[in-house]
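This report describes a single protein chain for a reader who has its sequence and structure at hand. It begins with the chain as a whole and then turns to individual residues.

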Amino acid sequence: MIGRAVTVQTFGGGWSKPVQAIESWMPGELLVIRNDKSTDLAPWGELATNSAKYRGVAGIVIDGAVRDWDD
């Protein structure tokens, strides 16, 4: 995966910052999320994945939990 990294820090599984990042992404960029102070609350799930795919995101790296894994 190669692209310009867009970094995001969330707190306690908050999803608003990743959503804001999705809205500002350009095709080929990748997202790096740090979920601060929580390893069991997920800031990322199926809807975020589908939005990222639609926008042409190159990849996502998350330090934290992810929900809707099967989707």
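## A term needed throughout

Two residues are said to be in contact when heavy atoms of theirs lie within 4.5 Å. The structure shown is a predicted model.

## The chain as a whole

The chain contains two helices and three strands. Read from the N terminus, these elements follow the order β-α-β-α-β. The radius of gyration is 11 Å, close to the 11 Å that the globule rule gives for 71 residues, so the chain is as compact as a globular protein of that length. Along the principal axes, the C-alpha trace spans about 30 × 25 × 20 Å.

Of the 71 residues in the chain, 34% are buried. The chain exposes about 4,700 Å², and carbon and sulfur atoms supply 54% of that area. Among contacts with a separation of 6 or more, 69% are accounted for by residues 24 or more positions apart. As for charge, the chain carries 7 positive and 9 negative side chains. The centres of these two sets lie 8 Å apart.

## Glu 29, in a loop

Where is Glu 29 found? This residue belongs to the loop between helix 1 (16-24) and strand 2 (30-36). Glu 29 has a relative accessible area of 7% and is therefore buried, since buried means under 20%.

Two polar partners of the Glu 29 side chain can be named. One is the side chain of Arg 4, with which Glu 29 makes a polar contact at 2.5 Å. The other is the backbone nitrogen of Met 26, which lies 2.9 Å from a polar atom of the Glu 29 side chain. When neighbours within four places in sequence are set aside, Glu 29 is in contact with Arg 4, Val 6, Ser 24, Val 57, Ala 58 and Gly 59.

## Thr 10 and Phe 11, in strand 1

Thr 10 is placed in strand 1, which covers residues 5-11, and Phe 11 is found in strand 1 as well. Is each of them buried or exposed? Thr 10 has a relative accessibility of 2% and so counts as buried. Phe 11 has a relative accessibility of 54% and so counts as exposed, because the cut-off for exposed is over 50%.

The side chain of Thr 10 makes a polar contact with the side chain of Asn 35 at 2.7 Å. Not counting residues up to four places away in sequence, Thr 10 touches Lys 17, Pro 18, Ile 33, Arg 34, Asn 35, Asp 36 and Pro 43. With the nearby residues left out in the same way, Phe 11 touches Asn 35 and Asp 36. The C-alpha atoms of Phe 11 and Arg 34 are separated by 8.5 Å, although these residues stand 23 residues apart along the chain.

## Ile 62 and Asp 63, in strand 3

Ile 62 lies in strand 3, residues 59-63, and Asp 63 also lies in strand 3. Ile 62 is partly exposed, with a relative accessible area of 21%. Asp 63 counts as exposed, at 52% relative accessibility.

Which residues is Ile 62 in contact with, once its neighbours within four places in sequence are left aside? They are Ile 33 and Trp 44. Asp 63 touches Ile 33, Arg 34 and Asn 35, not counting residues up to four places away in sequence. Asp 63 and Gln 9 are 54 residues apart along the chain, and their C-alpha atoms are separated by 9.7 Å.

## Asp 68, after strand 3

Asp 68 lies in the segment after strand 3. With a relative accessible area of 37%, Asp 68 is partly exposed.

What is the phi of Asp 68 near? It is near 60°, a positive value in a residue other than glycine. Most residues other than glycine have a negative phi.

Technical notes: Residues are numbered from 1 along each chain as its sequence is written. This is a predicted model: local features need pLDDT of at least 70, side-chain atom pairs count only at pLDDT 80 or more; totals for chains, interfaces and linings use all residues. Side-chain values use heavy atoms; hydrogens and water are left out. Helices (H or I, at least four residues) and strands (E, at least two) are DSSP runs, numbered from the N terminus. The radius of gyration is taken over C-alpha atoms; the globule rule is 2.2 Å times the number of residues to the power 0.38. Buried means under 20% relative accessible area, exposed over 50%, partly exposed in between (1.4 Å probe, protein chains only). Accessible areas come from the Shrake-Rupley method with a 1.4 Å probe; for residues, only the protein chains shown count as cover. Lys and Arg count as positive and Asp and Glu as negative; His and the chain ends are not counted. The place of a charge is taken as NZ of Lys, CZ of Arg, CG of Asp or CD of Glu. A polar contact is a pair of N or O atoms within 3.5 Å; within protein, one must be able to donate a hydrogen and the other to accept it, and residues adjacent in sequence count only if both atoms are side-chain atoms.
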